[in-house]
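Subject: Structure for your study

Dear colleague,

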Amino acid sequence: MTKHSAKAPQFFLTSPAPCPYLDGQFERKVFTHLVGEKASEMNDLLTLGGFRRSQNIAYRPACETCRACISVRILADEFRPTRSMQRINRRNRDLIGTEYTAEPSSEQYSLFRRYLDARHSGGGMSDMTVLDYAMMVEDTHVKSRVIEYRRRGADSFVTGQGEGPLVGVALSDMMSDGYSMVYSFFDPDEDHRSLGTWMILDHIERARKQGLAHVYLGYWVAGSRKMEYKTRFLPQEHLTGNGWERHEG
């Protein structure tokens, strides 16, 4: 009888559920727990294999009739912003992001609540309580960060921190080869800033300055309008049956 290490991860399969991205499709996921001292190392390996993290769970699609979900990562050092992205960068020059350990705050939840109510009312996360939000942020055994975005203040050039109310928040994992963006949200009254795009641009710059190769964006789903934005950040790589393959658009 073959013996397995007690520390080897165990994988499980969910029951079929309606797909949130493609009408008429059903999704299944394979998942495992990310716990213990090897969680960060395991998260790195699983992310390279197309998994995503949610709290202390790593998962990836295992749908029976569909292969539309494709893992996407941006090549940070080669990335060049389009003209529209350059305008977005200029529009947000008055903002600065500060990294913190993954700890929730009431101010974050207030912004999160406003974002959900304005952008995703009736969605799968729309009924999340402050305790649910706290779990989303702090229930992690990997190196996670919260990046808070605020306006630049008079002392920002000294402190490296913004001042005033929160404008945006990103929850991201620090990988050995880059950032993995887990979830982000922003002030719905600041629509003109295109903050969703700008926070990705900010992550690319952070990765580049640290000599990290990639920014992981999760899954791109062909045919889903919700996911179209992910393919605008070029060049990037898509995970296929042959491994990570370059995608130029």
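Predicted model: local features only at pLDDT ≥ 70, side-chain atom pairs only at ≥ 80, totals over all residues.

I begin with the division of the chain. Domain 1 consists of residues 9–68 together with 236–245, while domain 2 consists of 72–218 together with 225–232. Between the C-alpha centres of the two domains there is a distance of 22 Å. Domain 1 contributes 19 residues to the contact, and domain 2 contributes 28 residues. About 2,000 Å² of area is buried between domain 1 and domain 2, and carbon and sulfur atoms give 50% of this area. On the side of domain 1, the residues that lose the most area to domain 2 are Arg 52, Arg 53 and Gln 236, which together make up 34% of what that side buries.

The UniProt record, in an unreviewed entry, lists residues 18–87 as "domain: N-end aminoacyl transferase N-terminal". In the model, this span is 21% helix and 33% strand, and its end C-alpha atoms are 38 Å apart.

I turn next to the helices. Two packed helices are described by the angle between their axes and the distance between the axes. Helix 2 (residues 83–91) packs against helix 6 (residues 195–209) at an angle of about 90°, and their axes are 10 Å apart. Angles of 65 to 115 degrees count as roughly perpendicular, and helix 2 and helix 6 are therefore roughly perpendicular to each other. Here Met 85, Ile 88 and Asn 89 of helix 2 meet Thr 197, Trp 198 and Leu 201 of helix 6. The residues of this contact comprise 4 nonpolar, 2 polar and no charged.

The second pair is formed by helix 3 (residues 106–119) and helix 4 (residues 130–138), which pack at an angle of about 110° with their axes 10 Å apart. That angle makes helix 3 roughly perpendicular to helix 4. From helix 3, Gln 108, Tyr 109 and Phe 112 meet Val 130, Tyr 133 and Met 136 of helix 4. In this contact, 5 residues are nonpolar, 1 is polar and none is charged.

The peptide bond from Leu 234 to Pro 235 is cis, with omega near -5°. Pro 235 is found in the loop between strand 12 (214–221) and strand 13 (236–240). Gln 55, a residue other than glycine, has a positive phi, near 55°. Gln 55 is located in the loop between strand 5 (52–54) and strand 6 (57–61).

Yours sincerely,
A colleague

Key: Residues numbered from 1 in each chain as written. Heavy atoms only, no water. Axes fitted to C-alpha atoms, helices over the stretch in contact; angles between N-to-C directions. Helix = DSSP H or I, 4+ residues; strand = E, 2+ residues; numbered from the N terminus. Parallel < 35°, antiparallel > 145°, perpendicular 65-115°, else oblique. Contact = heavy atoms within 4.5 Å. Nonpolar A, V, L, I, M, F, W, Y, C, P; charged D, E, K, R; others polar. UniProt positions renumbered as here; feature names shortened; annotations may be inferred. Domains from an automatic or database assignment. Buried area = accessible area lost by both parts, 1.4 Å probe.
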